[in-house]
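Me: I am new to this structure. Please show it to me, then let me ask about it.

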Amino acid sequence: MTVGRSSERGQGRKFQRVAGELRSRMTDGTYRLRSFLPSERDLAEELEVSRDTVQRALRELADEGWIESRQGSGWRVVETQRIQSATPKATRSSRGGTLGPLISEAFERAEVNLDVYTLTSETLDAHIRLQVERIRAGIIRPQRIALRVLLPSQSLVLPYPRNRDDRADDRPQKRLRAIGRRHTQSLRTMLRELATEKLVPSVEFRIRHVPLVPVCKLYLLNGVEALHGMYEVIDRPMELDDGEVITALDVLGLGATLTHHVKDGDPSSPGSVFVGSMQAWFDSVWDRLSGQEPLPTPGP
């Protein structure tokens, strides 16, 4: 019996690794919007896992909205994070039109400060994983990383996701909380390893929960850039842990357009005002409304 549980945990780790790798490739543009992924057989051979593991990862990514199945053609990328510049002088958002290049650029500085408010840390996990790979490869060498993440309180009953046909069904909420825990633990482990292995001299990672229902996602980069996007409420199929597929009332996170605002030398410019006000809002919520993340920090 113990062997069986150990095997299941091992398969779970493999599935999460494959899903994370594919998210990273879609995030960094390796697999571009509307392109097709390699075949399941090719992915299984490349990533050295079974086809069952690949299929489970692909189903998860489809459920999250990254990809869709085209009969006879395989899996196609249907969502990446779109960026629109709200600041006339901002040009960096045109580099690929996705969130990945802006996160990558922020990590190219010696000191990286990133504040994030989101429903889950799933997308953030994919972006940070890519930066960790760049650090390990010696492509970038930040000296300090400070990451703060605000997530909704785990005891908060959210209006989404929920079973559209059964409001009493708590499985979508449990699924959301499990996704959040998995990805925040992944972030914690990756960043702790950077510090333990002395790849980055100073690493600070903090997560706090707030009694607020996220209606948007917010990224604040190095105090000078803000990425902001509203969550659009949609109906979509959702596969639960027991295999049942329901119609869920959920929010569109991956496909939501983010607006890009840049703080410049003019304190009264729209970009400067927006970045300053969003940073002030984040700091006030962090200091006055949030509680510490209950997950234990892994040892060195």
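Predicted model: local features only at pLDDT ≥ 70, side-chain atom pairs only at ≥ 80, totals over all residues.

Me: Which residues are the closest to the centre of the largest cavity?
Reply: The largest cavity holds about 140 Å³ of space. Its lining has 14 residues, where lining means having an atom within 4 Å of a point. The closest to the centre are L119, P152, Q154, L176 and R177.

Me: Which element gives the largest share of that lining?
Reply: Helices (H or I, at least four residues) and strands (E, at least two) are DSSP runs, numbered from the N terminus. Two elements give two or more residues to the lining of the largest cavity: β5 (144-152) and α6 (171-196). The largest share is 5 residues, and it comes from α6.

Me: What span should α6 have, and how far apart are its end C-alpha atoms?
Reply: The expected span of a helix is 1.5 Å times one less than its number of residues. α6 has 26 residues, so it should span 38 Å. That agrees with its end C-alpha atoms, which are apart by 37 Å.

Me: Is H260 buried or exposed?
Reply: H260 sits in strand β12 (residues 258-262). Its side chain joins that of E225 through a polar contact of 2.6 Å. Such a contact is a pair of N or O atoms within 3.5 Å; within protein, one must be able to donate a hydrogen and the other to accept it, and residues adjacent in sequence count only if both atoms are side-chain atoms. Buried means under 20% relative accessible area, exposed over 50%, partly exposed in between (1.4 Å probe, protein chains only), so at 0% H260 is buried.

Me: Which residue stands opposite P237?
Reply: Two strands pair if DSSP finds at least two bridges between them. β10 (residues 232-239) and β11 (residues 245-252) pair in the antiparallel sense over 8 bridges. They form a hairpin with 5 residues between them, and G243 in the turn has a positive phi of about 95°. In β11, the residue opposite P237 is T247.

Me: Which residue in the turn between β1 and β2 has a positive phi?
Reply: β1 (residues 67-70) and β2 (residues 74-77) run antiparallel, joined by 4 bridges. S69 stands opposite W75. The hairpin has 3 residues between its strands, and the turn residue with a positive phi, about 85°, is G72.

Me: Is E48 buried or exposed?
Reply: E48 lies in the loop between α2 (40-47) and α3 (51-64). Its phi is positive, about 60°, although E48 is not a glycine. At 69% relative accessibility, E48 is exposed.

Me: Is N222 buried or exposed?
Reply: N222 lies in the loop between β8 (216-221) and β9 (225-230). Its phi is positive too, about 55°, and N222 is not a glycine. At 12% relative accessibility, N222 is buried.

Note on methods
Residues numbered from 1 in each chain as written. Heavy atoms only, no water. 1 Å grid on protein atoms, 1.4 Å probe; cavity = no way out; pocket = protein on both sides within 12 Å on 5 of 7 lines; lining within 4 Å. Points joined across faces, edges and corners; volume = space filled by probe spheres on them.
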